Amino acid sequence: MAREFSTVGVVGLGTMGAGIVEVFARNGIDVVAVEISEPALERGRATLTGSTDRAVAKGKLAAADRDALHERVHFAVGLDALHSVDLVIEAVPEHLDLKQRIFAELDRVCHPEAILATNTSSLSVTEISVATTRPNQVIGIHFFNPAPVMKLVEVVRTVVTAPEVVADVEALCTRLGKVDVTINDRAGFIANALLFGYLNHAVGMFESHYATREDIDAAMKLGCGLPMGPLALMDLIGLDTAYEILDTMYRRGGRDRRHAPVPLLKQMVTAGLLGRKSGRGFYTYERPGSPVVVPDEATPLAAEAALADGARAIAKVGVVGSGTMATGIIEVFAKAGYEVVSVTRGMEKSATVCEAVKTSLNKGVVRGKLAEADRDAALGRISWSATLDHLADVDLVVEAVVEELSVKKALFASLDEICKPGVVLATTTSSLPVIDVAMATHRPADVVGLHFFNPAPIMPLVEVVRTIRTSPEATATARAVCAALGKTGVVCGDRSGFIVNALLFPYLNDAVKMLEASYSTADDIDHAMKLGCGYPMGPFELLDVVGLDVSLAIQRELYLELREPGFAPAPLLEHLVTAGYLGRKARRGFRDHSHR
Ligand SMILES: NC(=O)c1ccc[n+]([C@@H]2O[C@H](COP(=O)([O-])OP(=O)(O)OC[C@H]3O[C@@H](n4cnc5c(N)ncnc54)[C@H](O)[C@@H]3O)[C@@H](O)[C@H]2O)c1
């Protein structure tokens, strides 16, 4: 029989603590909520009231249930109020000495059977536990932000945590409607160990002006389907907390440079820009604690103003290539009203591409998403050719041929001879340096990358890659074209992986390394990222969909260009590729897909 928890204590009512109080009280458990001072207590109470009022306004909580919830919470200053609780969760700032002091005090105050839990994200639960005389009753209960919403709880057992304590806490998590994964005491546990390298990398991109905050966030939301971009997430977590987590992970987790906090973070924390809680972080908020972003001096001009910024008029577009991407891109431009010249290496190929575009447009008609007349008009706008000469009068060329530098360079040299002056020449490469392609022409200022995502007609994101020679006009034109296609164009520099792949694949690779180290299972890791961070797929699900060979190739490129030791491909990934376990397409990858 699992132990019954009727009263719990929560220490620290900040970002996490206030949410944790709500989780318990919502599930019928009495809570003693403790802070360090009266003003801090008031802030915590206000956070709880704000959150439950919002839930009532949204119809997610009945007013009577809210009132009952508040009745269950007893607020107090100082730890003495915790003398008769069954379990305490500590959620004070991420400092080891502070947590150890609090645990020593809790050990004195709480009755001997009480379980003492920490919500730490990265500190050693073991080191915290030895500050007490009952390390076997100390455990990590790591909630995710926002605690009332996120389903996951990481239960962290140390080498001395008693098995029945682990079992009792697991049962408690179930009672709270959470999904728990139980793991050993390692820096960052599952989710943060995979998340924070990515977040820090995104901050580094922002710091080096590789892309704007809006573009970095849009890229990850639209390119990967994440619930929020990395910089908006940093603001939600709190930059001070994020800094401490990174710093601890760096020191505890083998001094991986990717966890060394980007210097800008420290500067922002020192300047009091802590994210949502202080009203300003990477973004500016309506007021401290508010989730509403308001414009500030870094907010980009309205779209129309940006378009006027030297963008050239585009009416006719050439698309070179006959693969999946070219086919999708032809459809996207034709549907958006552009005249399109498709060039392939032979009329047979043109016929195949034409069929593929027709099939895809017909699907749109069948699904009621496209009127027949619009389908016919789109098809009428496309002309099919097997010679580049037909690109002499287009305003924009999008190249989507095989991913080989020599082929692309030769093509761009030909385009340079054929196309009229002022044309924007774009490559869809996902891994080659755009500058190499640009330098095959005598007009590198007019060359950009236009990295569409697959399937192009559906994915809302395009990365606009600007090289060190690309003119502002060419970039503005590319951005305006993306907008006219109904897509979000994000502008970034010409580095391996651009924004999305550079942030996504190292995270996937880290997940493989974590599996390889037997820290957790593929199922639990997938669960952690989906339920703890709101990702649409876990890393192993995604790897199997993308293809392990494709993922390995991208990871290798990143490693070769950036020379970051942490980017070295996971040996397990290499072995699976060698073994032919390439993912869904091979019916086996990290999982067996032969029965599906
Ligand atoms: N922010 C997140 O997204 C997140 C997610 C999961 C876990 N965590 C972890 O939760 C813990 C709390 O983080 P946070 O982001 O809520 O921090 P926070 O800064 O928002 O809140 C900390 C609170 O602790 C209070 N406090 C400080 N000293 C105290 C004391 N001696 N007694 C009682 N209260 C005290 C502070 O007044 C403050 O209200 C950290 O260990 C953090 O790593 C954070």
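**Entry 1: the annotated domains**

I began with the UniProt record, an unreviewed entry, whose annotation "domain: 3-hydroxyacyl-CoA dehydrogenase C-terminal" covers residues 188-285 and 497-592. UniProt positions are given in the numbering used here, with feature names shortened, and annotations may be inferred rather than shown by experiment.

A note on the ground rules: this is a predicted model, where local features need pLDDT of at least 70, side-chain atom pairs count only at pLDDT 80 or more, and totals for chains, interfaces and linings use all residues. Residues are numbered from 1 along each chain as its sequence is written, and side-chain values use heavy atoms, with hydrogens and water left out.

I looked up the make-up of each span. Residues 188-285 are 60% helix and 2% strand, with end C-alpha atoms 28 Å apart. Residues 497-592 are 62% helix and 0% strand, with end C-alpha atoms 29 Å apart. Helices (H or I, at least four residues) and strands (E, at least two) are DSSP runs, numbered from the N terminus.

For residues 7-185 I noted 41% helix, 23% strand and 26 Å between the end C-alpha atoms. For residues 316-494 I noted 41% helix, 21% strand and 26 Å between the ends.

**Entry 2: around the ligand**

Which residues come nearest to the ligand? Of the 24 residues around the ligand, they are M16, E35, E94, K99 and S121; a residue counts as near if one of its heavy atoms lies within 4 Å.

Next I checked polar contacts (pairs of N or O atoms within 3.5 Å; within protein, one must be able to donate a hydrogen and the other to accept it, and residues adjacent in sequence count only if both atoms are side-chain atoms). A ligand oxygen is 2.8 Å from a polar backbone atom of M16. The side chain of E35 has an N or O atom 2.5 Å from an oxygen of the ligand, and for the side chain of N145 I read 3.0 Å.

The protein covers 88% of the 830 Å² of accessible area that the ligand has on its own. Areas come from the Shrake-Rupley method with a 1.4 Å probe. Helices α1 (15-26) and α4 (96-109) and strand β6 each give two or more residues to the shell.

My tally of the shell is 11 nonpolar, 9 polar and 4 charged residues. Here Ala, Val, Leu, Ile, Met, Phe, Trp, Tyr, Cys and Pro count as nonpolar, Asp, Glu, Lys and Arg as charged, and the others, Gly among them, as polar.

**Entry 3: N145 and its loop**

I went back to N145, which lies in the loop between β6 (138-143) and β7 (152-157). A polar atom of its side chain lies 3.3 Å from the backbone oxygen of L236. Beyond its neighbours within four places in sequence, N145 is in contact (heavy atoms within 4.5 Å) with T15, M16, M150, L236 and I237.

A cis peptide bond joins N145 and P146, with omega about -5°. I found another cis peptide bond between N454 and P455, also with omega about -5°; P455 sits in the loop between β16 (447-452) and β17 (461-465).
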